[in-house]
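The reader may wish to keep the sequence and the structure in view throughout.

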Amino acid sequence: QGQLVESGGGMVQAGGSLRLSCAASGRTFSTYHMGWFRQAPGLEREFVAAISQSGVRTRYADSVKGRFTISRDNNQNTMALQMNSLKPEDTAVYYCAAGLVYNSWSRDDYNYWGQGTQVTVSS
């Protein structure tokens with residue numbers, strides 16, 4: 001049975017950077033496509049970034065394109081989201097997710113979720 005655990009959230013000034021990590025347990029990490037989602041209070045959980053099982057292909061929401069970079073290390077069973085040039089509107093709880101659908105933007109295509117980590121960006 002696999003589990004996903006996020007870390008690296010916190011508070012940062014606008015224009016700063018944070019790096020989120022997702023650690024996965026289990027033997028079949030490389031089988032799954034991975035993604036990051038985020039959710040602010042009162043809003044729907046939204047797609048941020050996705051990476052294919054091999055790490056070769058990635059996709060990003062327009063709101064973070066050029067600022068965020070998703071990566072994975074299948075040897076270490078980890079995934080990361082490097083967030084640069086952070087804006088107050090990036091404030092949300094960020095979730096790590098795993099699924100079997102290639103680079104999906106849909107929450108319904110992800111079967112496993114982490115507990116979430118809070119990111120707060122101040123002006």
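In what sense do E5 and strand E6 pair, and over how many bridges? In this predicted model, E5 and E6, the latter made of residues 58–60, pair in the antiparallel sense over 3 bridges. Within this pairing Ala-50 stands opposite Arg-59 in E6, and the two strands form a hairpin that has 6 residues between them, with Gly-55 in the turn showing a positive phi of about 85°.

Of the 6 residues of E5 (residues 46–51), 5 are buried, so the strand is largely enclosed by the rest of the structure.

Asn-103 lies in the loop between strand E9 (92–99) and E10, and it counts as buried at 5% relative accessibility. The side chain of Asn-103 reaches the backbone nitrogen of Ser-52 at 3.1 Å. Leaving aside neighbours within four places in sequence, the residues in contact with Asn-103 include Ala-50, Ile-51, Arg-59 and Tyr-110.

A search of the whole structure finds 5 aromatic pairs. In one of them, the rings of Tyr-32 and Tyr-112 have their centres 5.6 Å apart and their planes at 90°, so this pair is edge-to-face. Because Tyr-32 lies in the loop between strand E3 (18–24) and strand E4 (33–39), whereas Tyr-112 lies in strand E10 (residues 110–113), the pair ties together parts that are 80 residues apart in sequence. Tyr-32 is buried, with a relative accessible area of 17%, while Tyr-112 is partly exposed, with a value of 35%. Elsewhere, ring pairs link Phe-37, Phe-47, Tyr-110 and Trp-113 into a cluster.

Arg-45 lies over the faces of two rings, as the table sets out.

| Residue over the ring | Ring | Distance from the ring centre |
|---|---|---|
| Arg-45 | Tyr-95 | 3.6 Å |
| Arg-45 | Trp-113 | 5.1 Å |

Definitions and conventions
Residues are numbered from 1 along each chain as its sequence is written. This is a predicted model: local features need pLDDT of at least 70, side-chain atom pairs count only at pLDDT 80 or more; totals for chains, interfaces and linings use all residues. Side-chain values use heavy atoms; hydrogens and water are left out. Rings of Phe, Tyr and Trp (its six-membered ring) pair if their centres lie within 6.5 Å; planes under 30 degrees apart count as stacked, over 60 as edge-to-face and the rest as tilted. Helices (H or I, at least four residues) and strands (E, at least two) are DSSP runs, numbered from the N terminus. Buried means under 20% relative accessible area, exposed over 50%, partly exposed in between (1.4 Å probe, protein chains only). A charge sits over a ring if NZ of Lys or CZ of Arg is within 6 Å of the ring centre and within 35 degrees of the ring normal. A polar contact is a pair of N or O atoms within 3.5 Å; within protein, one must be able to donate a hydrogen and the other to accept it, and residues adjacent in sequence count only if both atoms are side-chain atoms. Contact means heavy atoms within 4.5 Å. Two strands pair if DSSP finds at least two bridges between them.
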